[in-house]
Amino acid sequence: AMPGPKLPPLAAAPTSIHPHPVTALAASPWAPLAAIGGHERITLYNTTTRTVIGELAFPEGIPFVLRFSRDGSKLLAAGGRPVQSGKAVLFDVATGARLGVFGNEPDEILAADLSPDGKLVALGGPGKVVKVFHVSDGSLACTITKHTDWITAIEFSPDGSKLATGDRSAGLFLWEAATGQIFVSLAEHKDAITSISWRGDGALLASASEDGTLVIWNAAEGFPVATIPKAHETKLAPGTYGKPAGGILSVAFSPDGSIATVGRDQTVKQWTVNGKPKSASPAREALPTRVAVTFDGKLVLAGDERGGLTLWDGKQAALIAALHH
């Protein structure tokens, strides 16, 4: 049986005529459960029965990050309102109860993660500073001030020893999580880092960028194992000129070590661990914004800018009707 949140429907849910983009997406590591971020709410969705099973209110604004704890019992949501406020909230998945609120930022939080032992929350955004908080009392554990641009990606390594952070100017770093001391600078990308993902064993880190390149890093040495340029390059229409947009918008390692990505060519793609193409969906009608992989590795989930969710099994895509956030 899955730890299904038994939650009342959202009473004062803001209704919008236009579906709200999927701004954040996460899959539980232990159950067929996905969390989907929309306007002032998080929708909980069963990926097996393909039904909405609950909602969590996020009055803080728009959740830009959703992360399940390693045991799947907690959900970290972080976001806020541009140039107004940013917060990270830790929820109990089964009850929907708020367990803690972290950060009191003057701008939205764009990147955040919960450490594997559940003791630290790291967050960042337009302020260019990574802040790491103790979950126990909300106190600041350390700050990282090396980034020179908006922080767009943060993820703890699976053993909790390292913290990977990326920014809008292609800066990508590994830090010692306990101290905030730099471990290595990962210099390969030429444009904004959009997303990073650790492989389950912590040996490899994947990074995605608006430069269209997917890079798979040896995390112990800090060098690229594989570099895949033009991973999502769009084809220019006949008779048109210019540089096609080919940015990668999100990347996620699957439990089996394969990699899922979505990009500006509006496709969902899977790659082998050494960066060889494995599958590609037909181009979706809406731009995919976030990608996640189910706990059993069987489905790639892609949220899009129209509030829709695509479930890709590597063979045929089943588009789930827009979840009108």
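The answer below begins with the model and the chain, turns to threonine 267, and ends with other sites.

Trainee: Where does threonine 267 lie, and which residues does threonine 267 touch?

Mentor: This is a predicted model, in which local features need pLDDT of at least 70 and side-chain atom pairs count only at pLDDT 80 or more, while totals for chains, interfaces and linings use all residues. Residues are numbered from 1 along each chain as its sequence is written, and side-chain values use heavy atoms, with hydrogens and water left out.

The chain has zero helices and 28 strands; these are DSSP runs numbered from the N terminus, helices being H or I of at least four residues and strands E of at least two. The C-alpha trace spans about 50 × 45 × 40 Å along its principal axes. Of the 325 residues, 55% count as buried (buried means under 20% relative accessible area, exposed over 50%, and partly exposed in between, with a 1.4 Å probe and protein chains only).

Threonine 267 lies in the loop between β22 (259-263) and β23 (268-271). Its relative accessible area is 9%, so threonine 267 is buried. The side chain of threonine 267 makes two polar contacts to consider here: one with the side chain of histidine 232, at 3.3 Å, and one with the side chain of aspartate 265, at 3.0 Å. A polar contact is a pair of N or O atoms within 3.5 Å; within protein, one must be able to donate a hydrogen and the other to accept it, and residues adjacent in sequence count only if both atoms are side-chain atoms. Leaving aside residues up to four places away in sequence, threonine 267 touches His232, Thr261, Val262, Ser281, Pro282, Ala283 and Pro288, where contact means heavy atoms within 4.5 Å.

Proline 29 belongs to the loop between β1 (24-27) and β2 (33-38), and because its relative accessibility is 32%, proline 29 counts as partly exposed. Its C-alpha atom is separated by 4.6 Å from that of phenylalanine 295, 266 residues apart along the chain. Phe295 is also one of the residues that proline 29 touches, and Phe68 and Arg70 are among the others. Lysine 128 is found in the loop between β10 (120-124) and β11 (130-134). With a relative accessible area of 36%, lysine 128 is partly exposed. Among the residues that lysine 128 touches are His147 and Trp150.

The ring of tryptophan 150 has the charged end of arginine 168 over it, 4.0 Å from its centre. Likewise, lysine 162 lies over the face of phenylalanine 183, at 4.3 Å from the ring centre. A charge sits over a ring if NZ of Lys or CZ of Arg is within 6 Å of the ring centre and within 35 degrees of the ring normal.
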